Amino acid sequence: MLTTLKNKVHLSKALALLGSILLIISLFLPFASATDDYKDYLEAHPDRMADAEINMTNQDAIDLSLVDFGRIYAYGTSLEGYETLSMICLVIILVYASCALLSVLWGLLNKPILLLLTNLLAMGAFSLLKWDFSDRGVIPSSQYHWGFAQHACYLGILLLFIGAVMIFLEKRKQKRKTKQGESL
């Protein structure tokens, strides 16, 4: 019985940590990928600077991760007329990244409520960012479509949620057994 409980704890913790790792990995995966026509253009001139201020070549601009967008928006905070929008987008990306990192900590410490809260915040930040990009026509557009990062993020959120709920239920079951043992 005890080994079954330990296996469930290990499985739930593993699911939560795997979900957390996927959230972190999604920061570096392509959030936006160049459309075929735009990709052909970028590949035809790979060494040209797509954005000299942030040292991004056309080759770098084929697939843009959330880290890349973070760099773009960090630079945008110094441009007149773009400060507010850039700051908002940068904060949303940082909230998502912070939630991804904190979820690893909460998973290791078996804190299911904090895992669920961080997971909800990560999902909210990611959804808000996607809505904003769609609303402004950044993605999808004639130049970019959604990249693979969204799939990794949603899978990570799902695994993290399942792991957190399992940890919560197992901790609750352990408390009940402890109380029953004390009352005997």
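Colleague: Why does Y144 count as buried?

Modeller: Its relative accessibility is 10%. Buried means under 20% relative accessible area, exposed means over 50%, and partly exposed is in between (1.4 Å probe, protein chains only). Y144 is under the 20% limit, so Y144 is buried. A word on the source: this is a predicted model, in which local features need pLDDT of at least 70 and side-chain atom pairs count only at pLDDT 80 or more, while totals for chains, interfaces and linings use all residues. Residues are numbered from 1 along each chain as its sequence is written, and side-chain values use heavy atoms, with hydrogens and water left out.

Colleague: What makes the place of Y144 a strand?

Modeller: Strands are DSSP runs of E, at least two residues; helices are runs of H or I, at least four; both are numbered from the N terminus. Y144 lies in β5, residues 144-146.

Colleague: What makes the largest pocket a pocket?

Modeller: Picture a 1 Å grid over the protein atoms alone. A cavity is a set of points where a 1.4 Å probe fits but cannot get out; a pocket is an open set with protein on both sides within 12 Å along at least five of seven lines. The volume here is about 340 Å³. Grid points are joined across faces, edges and corners, and the volume is the space filled by probe spheres set on the points.

Colleague: Which residues line the largest pocket?

Modeller: There are 14 of them, and L64, F69, I72, V138 and Y144 lie nearest the centre. A lining residue has an atom within 4 Å of a point. β2 (49-51) and α3 (66-76) each supply at least two. The largest share, three residues, comes from α3.

Colleague: How do the lining residues divide by type?

Modeller: Eleven are nonpolar, one is polar and two are charged. Nonpolar covers Ala, Val, Leu, Ile, Met, Phe, Trp, Tyr, Cys and Pro; charged covers Asp, Glu, Lys and Arg; the others, Gly among them, are polar.

Colleague: What makes a nonpolar core?

Modeller: It is a set of buried Ala, Val, Leu, Ile, Met, Phe, Trp, Tyr and Cys residues joined through side-chain atoms within 4.5 Å. The largest one has 39 residues; L23, F31, L66, F69, Y96 and Y144 touch the most other members. Its largest share, nine residues, comes from α4. In soluble globular proteins, nonpolar side chains tend to be buried together.

Colleague: How do you know that the length of α4 agrees with its residue count?

Modeller: The expected span is 1.5 Å times one less than the number of residues. For the 26 residues of α4 that gives 38 Å, and the end C-alpha atoms are 38 Å apart, so the two agree. Buried residues of α4 include C89, I93, Y96 and W106. After α4 comes N110, with a positive phi near 55 degrees.

Colleague: Why is the F31 and F126 pair called edge-to-face?

Modeller: Rings of Phe, Tyr and Trp (its six-membered ring) pair if their centres lie within 6.5 Å; planes under 30 degrees apart are stacked, over 60 edge-to-face, and the rest tilted. The whole structure holds eleven aromatic pairs. F31 and F126 are 5.6 Å apart, centre to centre, with 85 degrees between the planes, so the pair is edge-to-face. F31 is in the loop between α1 and β1, and F126 is in α5, 95 residues apart. F31 is buried, at 1%, and F126 is buried, at 0%.

Colleague: Then what makes Y38 and Y41 stacked?

Modeller: Their centres are 6.1 Å apart, and 20 degrees separate the planes. That angle is under 30, so they count as stacked. They are three residues apart in α2, about one helical turn. Y41 is partly exposed, at 39%.
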